[in-house]
Amino acid sequence: MADIFDVIADGTRREILQLLLRRASEADTGTSVSQIVAALGVSQPTVSKHLKVLREAGLVSVREEGQHRYYSLSPEPLEQVDDWLVPFFVAEGDFEEIAELGATLPEPAARAADAVGRAAASAKNVVQSALKRLGA
């Protein structure tokens, strides 16, 4: 399996992940290859190639319905990236405080906090991507 950092290093794959994330927040049951092609303006063979890499890395799942395949985001492998990045944003002395805070939160609250943090990071990425496309 490819290293998760190699997989997300490609801009097209990151755009596919962001698209699937946006569609997942709309309670979508999957996104077809043709919908991805239309949204990104990339050729079908290129999208299929990138989806294969994302599928092999466990970042997307596929549901087949007859001739159609619907892709959905599976963000769990991105936890490796999250774990690697955290030390860059947290001061050394804060680790103990964060560990204590996490240890005192009930499991449902910890899951909710994690979901809120991921949603905020996702929203930031969507806004940055949109601004980049607009040339701002």
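Modeller: One term before we start: a helix here is a DSSP run of H or I with at least four residues, numbered from the N terminus. Also, this is a predicted model.

Colleague: Fine. Which helix holds His50?
Modeller: His50 sits in helix 4.

Colleague: Is His50 buried or exposed?
Modeller: Buried. Its relative accessible area is 4%, and the cut-off for buried is under 20%.

Colleague: What does His50 touch?
Modeller: Asp10, Thr12, Arg13 and Ile16. That leaves out residues up to four places away in sequence.

Colleague: Switching to packing. At what angle do the axes of helix 3 and helix 4 cross?
Modeller: Roughly 115 degrees, and the axes come within 9 Å. So helix 3 is roughly perpendicular to helix 4.

Colleague: Left-handed or right-handed crossing?
Modeller: Helix 3 passes helix 4 in a right-handed crossing.

Colleague: Which residues make the contact?
Modeller: Helix 3 brings Val33, Ile36 and Val37. Helix 4 brings Gln44, Val47, Ser48 and Leu51.

Colleague: New topic, confidence. What pLDDT does the chain average?
Modeller: The average is 82, and 69% of the residues score at least 70.

Colleague: Where is confidence lowest, and where highest?
Modeller: Lowest in helix 6, residues 94-104, at a mean of 59. Highest in helix 4, at 96.

Key:
Residues are numbered from 1 along each chain as its sequence is written. This is a predicted model: local features need pLDDT of at least 70, side-chain atom pairs count only at pLDDT 80 or more; totals for chains, interfaces and linings use all residues. Side-chain values use heavy atoms; hydrogens and water are left out. Axes are lines fitted to C-alpha atoms, for helices over the stretch in contact, and angles run from 0 to 180 degrees between N-to-C directions. Helices (H or I, at least four residues) and strands (E, at least two) are DSSP runs, numbered from the N terminus. Angles under 35 degrees count as roughly parallel, over 145 as roughly antiparallel, 65 to 115 as roughly perpendicular and the rest as oblique. A crossing is left-handed if the near helix is turned anticlockwise from the far one by less than a right angle, and right-handed if clockwise. Contact means heavy atoms within 4.5 Å. pLDDT is the predictor's confidence in each residue, from 0 to 100. Buried means under 20% relative accessible area, exposed over 50%, partly exposed in between (1.4 Å probe, protein chains only).
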